[in-house]
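Please look over the sequence and the model shown here before reading on. The report below goes from the overall fold to individual side chains.

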Amino acid sequence: MDLKTATALRRLRLISGPEAVSFLLLMVCSVLKRTTDFNAVPVMGMVHGVLFILYVVFWADAWRRAKWTAGRGVLFFVLSVLPTGGFFAERMLRRESEESVVAARAADEAAAQGAGA
C-alpha cells in the first residue's frame, strides 16, 4: 500500500468516529427539541452536516485509492448513514491498516533477507 492510499484510509478512519458521534448527538438534540425548550438542532445539524460531507469526500478518495470492490465501497457509505455505523467503519478501517502494516513489514524483511543472501 502506498503512502497516499494509507493517508486516504487514515483520514476516513479519523472522521468516521466524530461523524457517528455527531449523528447520535443530533438525534438526542432532536428529541430534546420536541420534549423540552432546549433547541440545539440548528447547531448540531450544521456540525453533523460538515462532518458528513467530509466523510463522503474522504470515502470517495479512499474508495478510489484503495481500489475497493463496489460492495466494499457501498458498505462504507451505508455505514455513514446508520446512527452507529461510523464506529464500525472506524474499527474495520483500523484493522485494515494494521494488516497492511504487518504485510509491509513482512515484505521489507523478505527483501532484506534476499539482499543479504
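**Basis of the description**

This is a predicted model, in which local features need a pLDDT of at least 70 and side-chain atom pairs count only at pLDDT 80 or more, while totals for chains, interfaces and linings use all residues. Residues are numbered from 1 along each chain as its sequence is written, and side-chain values use heavy atoms, with hydrogens and water left out.

**Overall shape**

The protein has four helices and zero strands, where helices (H or I, at least four residues) and strands (E, at least two) are DSSP runs numbered from the N terminus; along the sequence the pattern reads α-α-α-α. Its radius of gyration, taken over C-alpha atoms, is 19 Å, whereas a compact globule of 117 residues would have a value near 13 Å, by a rule of 2.2 Å times the number of residues to the power 0.38. Taken along the principal axes, the C-alpha atoms fill a box of roughly 75 × 20 × 20 Å.

Of the 117 residues, 29% count as buried, meaning under 20% relative accessible area, with exposed meaning over 50% and partly exposed lying in between (1.4 Å probe, protein chains only). Among contacts (heavy atoms within 4.5 Å) between residues at least 6 apart in sequence, 63% join residues at least 24 apart.

The expected span of a helix is 1.5 Å times one less than its number of residues. Helix α2 (residues 41–66) has 26 residues and should therefore span 38 Å, which agrees with the 36 Å between its end C-alpha atoms. Its buried residues are Met44, His48, Leu51, Tyr55, Phe58, Trp59, Asp61 and Ala62, and the helix is followed by Lys67, whose phi is positive, near 55°.

Helix α3 (residues 70–81) has 12 residues and reaches 17 Å from its first C-alpha to its last, close to the expected 16 Å. Within α3, Gly73, Phe76, Leu79 and Ser80 are buried. These residues lie on the same side of α3, because they cover an arc of only 120° around the axis, the arc being that of the directions from the helix axis to the C-beta atoms.

Tyr55, found in helix α2, is buried at 0% relative accessibility. Not counting residues up to four places away in sequence, Tyr55 touches Leu12, Ile15, Ser16, Glu19, Phe76, Ser80 and Ala89. The C-alpha atoms of Tyr55 and Ser80 are 7.6 Å apart, although the two residues are 25 apart in sequence.

A search of the whole structure finds four aromatic pairs, in which rings of Phe, Tyr and Trp (its six-membered ring) have centres within 6.5 Å, and planes under 30 degrees apart count as stacked, over 60 as edge-to-face and the rest as tilted. Two of the pairs involve Trp59, as the table shows.

| Ring pair | Centre distance | Plane angle | Class |
|---|---|---|---|
| Trp59 and Trp63 | 5.2 Å | 50° | tilted |
| Trp59 and Phe77 | 5.1 Å | 50° | tilted |

Trp59 lies in helix α2 and Phe77 in helix α3, so this pair ties together parts that are 18 residues apart in sequence. Trp59 and Trp63, by contrast, are four residues apart in helix α2 and are separated by about one helical turn. Trp59 is buried, with a relative accessible area of 13%, while Trp63 at 25% and Phe77 at 31% are partly exposed. Ring pairs link Phe52, Trp59, Trp63 and Phe77 into a cluster.
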